[in-house]
Amino acid sequence: MPTVLIIDDNAAIAVALEVLFSLHDIDALRAASPEEGLALLEQRSASIDLVIQDMNFTADTTSGEEGVALFRAIRSRHPDLPVILLTAWTHLDAAVDLIKAGAADYLAKPWDDNRLIATVTNLIELGQANRALSQRMQSELRQRRDLEKHELRGMVWQDPATERVIHLAVQVARSDVPVLISGPNGAGKERIAEIIQANSAVRDGPFVVLNCGALPAELIEAELFGADAGAYTGASKAREGKFEAADGGTLFLDEIGNLPLAGQMKLLRVLETGRFERLGSNRERQVRVRVISATNADLQAMIRAGTFREDLFYRLNVIELHLPPLAGRPADILPLALHFLGGRKTLDARAQAVLQAHAWPGNVRELKNVMQRACLLASGEVITAADLGLPAAALAPSLFAAAADAEPDRAAIAQALQRAHGVVAQAAAELGLSRQALYRRMERLGIARA
């Protein structure tokens, strides 16, 4: 149950507030003086969600100076705690000054019960939301610091979705089980594989890459397992395969869905036994290789179609990491764009908006190409939307105009309130309005307060 601290020397007022709050499932604590109120805050600050304080505590005093001193003491010791000022003597200048200093609201006695409850409820909910956000941000900061202790191969990210993948990558790196990285082309799957290798027990071994989609089907087996001289047309001498080259390290098999069925069967055997034969040879060879595979294909659908072995899928898929497309981790876009510029040039605000509006079907690879081209084409030190050459560039002026001129309609306000779970202050901040301005629009549009 939320708790409000009432600091008021008038016992009748404190009791009336207690009764009012109890009817709305809000607990109340009472203090009859500033000293008692500050002492209670020190003792129970973790459980107090809001303070309602009087402005005058000495008989025949109406200056509000005692209340100002109390407010400043609370603000200095508990800067995030919302404070509502309550007095029978309303001094506009003092109210304005304290609101600027961080007071949540300023109400005159006698107060309006509905307004007071609405204000208190909204401030408590907003405070709880802010604390939850702060705790989440602190947790994310701790996770990021923990991640930065590992070798991350220059990975650039800001989005929580990417961080979750990186966290899992370093977590599974120390085991030697196979890992399957799924995600679209150009999303950065190879970089995740490099992070796994760099933090693994075989980090000092070789890291060998084979793109199974870049070779004809008849040559993939020779690339994987090697071949003796004469094993196939053109094989004039023996050649080492990728498994031999990766012995004692990691083999990264990109686009594993392109591996033909015969190669899948041999790969399954190597994963299970560590043994294989070169093409054209009967001599078994033994290797110890960590296999990481990647795919942009739906391997389950390929299994149903009979083009991918189910037993191989489960052998490769002991651990699966799914890297979302760039559009699914939008907070990564600008950090990556600036990384690709390498400090040579900067982006103006409209160019940044265009980058964030683009769908990025080619993912990180497309973004890298766009930034390299823009860096070459931009005449000055600042890259503009036109330099990017993206379709969204034509929409940027209207996008900025809309942002500048938009007046939230009924639907926009309703959606903001829904996202804020009815917390008016939070919805107002999202809409770029003051709480009072949002209340006025809600009243005008007939939107009921939660």
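A residue is called buried here when its relative accessible area is under 20%, exposed when over 50%, and partly exposed in between (1.4 Å probe, protein chains only). By that rule, 46% of the 450 residues of the chain are buried.

Before you start clicking: this is a predicted model, where local features need pLDDT of at least 70, side-chain atom pairs count only at pLDDT 80 or more, and totals for chains, interfaces and linings use all residues. Residues are numbered from 1 along each chain as its sequence is written, and side-chain values use heavy atoms, with hydrogens and water left out.

**Stop 1: the whole chain.** Zoom out. The C-alpha atoms fill a box of roughly 110 × 50 × 40 Å along the principal axes. The radius of gyration, taken over C-alpha atoms, is 32 Å, while a compact globule of 450 residues would have one near 22 Å (that rule is 2.2 Å times the number of residues to the power 0.38). Switch to cartoon view and you have 20 helices and 14 strands; these are DSSP runs (helices H or I, at least four residues; strands E, at least two), numbered from the N terminus.

**Stop 2: colour by confidence.** pLDDT is the predictor's confidence in each residue, from 0 to 100. The chain's mean is 86, and 92% of its residues reach 70 or more. Now select residues 394-405, where pLDDT is below 50; beyond near neighbours in sequence, this stretch has 7 contacts in the model (contact means heavy atoms within 4.5 Å).

**Stop 3: helix H7.** Select residues 189-198. Why is H7 largely enclosed by the rest of the structure? It is because 8 of its 10 residues are buried. Among them are Lys 189, Glu 194 and Gln 197, along with Ile 192, Ile 195 and Ile 196.

**Stop 4: Met 155.** Next, look in the loop between helix H5 (113-147) and H6, where Met 155 is found. Is Met 155 buried or exposed? Its relative accessible area is 15%, so Met 155 counts as buried. Show its contacts, leaving aside neighbours within four places in sequence: Thr 162, Ile 166, Arg 191, Ile 192 and Ile 195. Finally, pick Gly 188, which is 33 residues from Met 155 in sequence and 9.3 Å away in space, C-alpha to C-alpha.
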